[in-house]
Amino acid sequence: MECDGKRQQSAFYHITVQGELDAAWQDWFSGMTIATELGADGVVMTILKGSVADQAALRGILNKVWDLNLTLVSVKRGL
């Protein structure tokens, strides 16, 4: 995909949401790795990690977070 003459490449993302998702959701989230951890405040967080093809694919993943009514905590690129 090109935007302003530059080819967009896949990037690694680390997406954190509040709440717990088990590994059974991995296929629905485009094969991203799913892990849970306990935050400093005692709240369970789910971390989705993996390579995302482009911004459209990232938008699709974030839409799924929305569809599940999860609270988005952070989206970090390149970790």
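Two aromatic pairs turn up in this structure, which is a predicted model. In one of them, the ring centres of tryptophan 28 and phenylalanine 29 lie 5.4 Å apart with their planes at 80°, so this pair is edge-to-face. Ring pairs join Trp25, Trp28 and Phe29 into a cluster. Below is a quick tour of these rings and of the strands.

**Around the aromatic rings**

- Tryptophan 28 has a relative accessible area of 34%, so this residue counts as partly exposed.
- Phenylalanine 29, its edge-to-face partner, is buried, because its relative accessibility is 0% and the cut-off for buried is under 20%.
- Tryptophan 28 also has a charged neighbour: the charged end of lysine 64 sits over its ring, 5.3 Å from the centre.

**Strand pairing with β5**

- Strand β5 covers residues 44-52 and pairs with strand β3, residues 11-18, in the antiparallel sense over eight bridges.
- Within the pairing of β3 and β5, you will find tyrosine 13 opposite glycine 50 of β5.
- Strand β4, residues 33-38, is also an antiparallel partner of β5, here over six bridges.

**The β4 and β5 hairpin**

- Five residues lie between the strands of the hairpin formed by β4 and β5.
- Glycine 42, in this hairpin, takes a positive phi near 85°.

Notes: Residues numbered from 1 in each chain as written. Predicted model: local features only at pLDDT ≥ 70, side-chain atom pairs only at ≥ 80, totals over all residues. Heavy atoms only, no water. Phe/Tyr/Trp six-rings, centres within 6.5 Å; stacked < 30°, edge-to-face > 60°. Buried < 20%, exposed > 50% of the residue type's maximum accessible area, 1.4 Å probe, protein only. Lys NZ or Arg CZ within 6 Å of the ring centre and 35° of its normal. Pairing = 2+ DSSP bridges. Helix = DSSP H or I, 4+ residues; strand = E, 2+ residues; numbered from the N terminus.
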